[in-house]
Amino acid sequence: MATVRLSFSPAPVHVRTARLVGVAVARRAGVAEELLDEVRLAIGEACTRAVTLHRQYGLTDLVTMEMSDSDSYTVRVIDHAPIEASVGLTKLPPDELAAENLTDDALTTGVGFALLAGFVDDLQVRPVDDGPGTEVRMVWPVTRR
Amino acid sequence: MELSLTTRTVAEHTVLEVGGEVDVYTAPRLRERLIELVDAGARDVVVDLERVDFLDSTGLGVLVGALKRLRTAHGTFGLVCAKEPLLKIFRITALDQVFPIFPTVDAATERDGSGPTS
């Protein structure tokens, strides 16, 4: 079982690095090539969500991403924002997406969650065990070579 | 790949060609450019996504913002996209029901009534 852990300050520029690392480890773990675009997008969405929450709450704590490849490829993205921040994780219906009264943040959050739910079959969003924060856990199958 | 933004005029439409990655880091530049175009008087705007190789929720949010801005200004807004991975993103988010999406710039800039709508 190999585990890779990446921690980064909550800056948008680091989300790209997280995507690159997440896909590189996925490829090494044996995730099917045709799933890698979805892995890249999902990791990007989870990390974007974490970075955005830290910035909204003025938190300088590091965002953590853990990748493991025991029986499957599991990615956990952990933030430290107050747990109520996760309440807004709902998919928006089409007629509300371009509504004038919908804020940009609410739109991006709703669309981001739709992408996570759409691209990750095995997705869990739950409070972290210690202190404030949320863990987004995503699992993909691997093919052993 | 870095974000690239190039503007040209096709059949009285302002076509913004976007290339590279549109994400939480680069999307603010795309938002600024779209606001500049509308502020400068562009009313029929087409965003060409053919050279985009990554698009996330932040980028989608910027595109919705441009659609709303042009709707308020009584303009039109359309997207050019024929790449299946990107089209899947629009379907999953239901934004394919919000944006007029065309396979080519020519299709998006036609003036026969099938072009972009507000």
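How many residues of chain B are in contact with chain A? In this predicted model, local features need pLDDT of at least 70 and side-chain atom pairs count only at pLDDT 80 or more, while totals for chains, interfaces and linings use all residues. Residues are numbered from 1 along each chain as its sequence is written, and chains are lettered from A in the order in which they are written.

The count comes to 21 residues of chain B, against 22 residues of chain A (contact: C-beta atoms, placed from the backbone, within 7 Å). On the chain B side, α2 (57-72) and α3 (84-92) are the elements giving two or more residues (helices are DSSP runs of H or I, at least four residues; strands are runs of E, at least two; both numbered from the N terminus). The largest share, 8 residues, comes from α2(B).

Turning to chain A, there is an open sheet of 5 strands in the order β1-β2-β3-β5-β4, with antiparallel pairing (strands pair if DSSP finds at least two bridges between them). Since β1 (3-8) and β4 (122-127) of chain A each have a single partner strand, one side of each is left without a neighbour in the sheet. Further in, β3 (residues 73-78) and β5 (residues 134-140) of chain A pair over 6 bridges, and Val77(A) has Val136(A) as its bridge partner in β5(A).

Across β2 (63-68), β3 and β5 of chain A lies α2(A), running at about 155° to β2(A) (angles run from 0 to 180 degrees between N-to-C directions; axes are lines fitted to C-alpha atoms, for helices over the stretch in contact). The axes of α2(A) (residues 36-56) and α1(A) (residues 13-29) come within 9 Å and cross at roughly 140°.

How values were computed
Two residues are in contact if their C-beta atoms, placed from the backbone, lie within 7 Å.
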